[in-house]
Every structure is written in structure tokens, then in C-alpha cells.
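Let's walk through this fold together, going from the whole chain to single side chains. Keep the viewer open as you read.

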Amino acid sequence: MHKILVAVDGSEHSERAVLYLIELIQDGGLLGGSVEVHLVNVQPLLPTRIAQDTAGDELDRYYDHKSAEDSQKAVALLKQEGIAFTFHTLLGDAASKLVAASQSLGCDSIILGSHGNGFLAGIFLGSVAAKVIQLSSIPITLVKE
């Protein structure tokens, strides 16, 4: 079974990554017949001055709500196509959390949406995709426009 992590953040770029995954699965593409999909949304931590004045359960509700909102389209697309997946909400630095999740889940590859700015531009801008490429040891597919 091929385990794949798909990063989603509510952007058109991540939506294209999900559509790419759907196409691969439906066409039998590189993933063959059996695939385990892990849909992952990483929420940045709120600034300390805000977080320390907020009750823990309020923070949890905020992160859960924001993650569900950011992943709504991706979840709907996968459900519409009848593709089973496990949804994960993580908190912190997106790139390091995505790579750590791919390792702990035993994923074989990662699919990310790319803004299409180019690899070098991404490094200088600190893009999540560029950082994931640097940190990960498994294959990564960047889906551009």
C-alpha cells in the first residue's frame, strides 16, 4: 500500500494538489490500486501574547475551527470522489510538521501545491515547499498551476 501525505491550507494551490491526487488514483497512475491518503493541515501558532491570555480549550477550538475551514474544499473533493482519507491537524512550523508527520505516518511520498514562483525564489522567500524539499528524504510532488 502506498501511503501519501497531501498538505492542504485552503489555497487554490493545495486544491490543485488534491485534484492531482484524485486524478492519479482514478487513472491508476503511479499509485497503482491501493493508497492510504493522509490529508494534513498545519496551523501556525498564535503569538504568545494572544495564546497566553486564551484558555486552553478556547485555543483548541480556534485551531480546530481554522483547520476545518482551511481544509473544507479538500475534504469535500475527496468525499465527493469516494476516496478514503485520514485528516490531521498539526500546530507549528508547516514544513517541519509536514515532514515529521510523513515520517511518523510512514508515508512513501508527499504532494504539495506550489505557488509557481520557482525553486530559487521559494528558498529566498522561505516557502513551505522549498523547506519541505530540503527536510524530506521521501519523494515530493509539487503541483503547479
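Among contacts in the protein (heavy atoms within 4.5 Å) between residues at least 6 apart in sequence, 77% join residues at least 24 apart. Before going further, please note that this is a predicted model, where local features need pLDDT of at least 70, side-chain atom pairs count only at pLDDT 80 or more, and totals for chains, interfaces and linings use all residues. Residues are numbered from 1 along each chain as its sequence is written, and side-chain values use heavy atoms, with hydrogens and water left out.

Along the sequence they follow the pattern β-α-β-α-α-β-α-β-α-α-β. Of the 145 residues in the protein, 35% are buried. Here buried means under 20% relative accessible area, exposed means over 50%, and partly exposed lies in between, using a 1.4 Å probe and protein chains only.

Now for the sheet. It is open, has 5 strands in the order E3-E2-E1-E4-E5, and its pairing is parallel; two strands pair if DSSP finds at least two bridges between them. At the edges are strand E3 (85-91) and strand E5 (140-143), each of which pairs on one side only. From one strand to the next, the twist averages 25°. Such angles run from 0 to 180 degrees between N-to-C directions, with axes fitted as lines to C-alpha atoms, for helices over the stretch in contact. Helix H6 (residues 128-135) packs on the sheet, where it touches E4 and E5, and its direction makes about 165° with that of E5. Strand E1 (residues 2-7) and strand E4 (residues 109-113) run parallel and are joined by 3 bridges. Val 6 has Ile 111 in E4 as its bridge partner.

Just after H4, Gly 106 takes a positive phi of about 70°.

Which residues form a salt bridge? Lys 66 pairs with Asp 70, the closest N and O atoms being 3.1 Å apart, where the rule asks for a side-chain nitrogen of Lys or Arg within 4 Å of a carboxyl oxygen of Asp or Glu. The two are 4 residues apart in helix H3 (residues 56-80), so about one helical turn separates them. Lys 66 is partly exposed at 26%, whereas Asp 70 counts as buried at 15%.

Finally, Tyr 62 and Tyr 63 form an edge-to-face aromatic pair, 5.4 Å centre to centre with 65° between the planes. Rings of Phe, Tyr and Trp (its six-membered ring) pair if their centres lie within 6.5 Å, with planes under 30 degrees apart counted as stacked, over 60 as edge-to-face and the rest as tilted. Tyr 62 is partly exposed at 36%, while Tyr 63 is buried at 6%.
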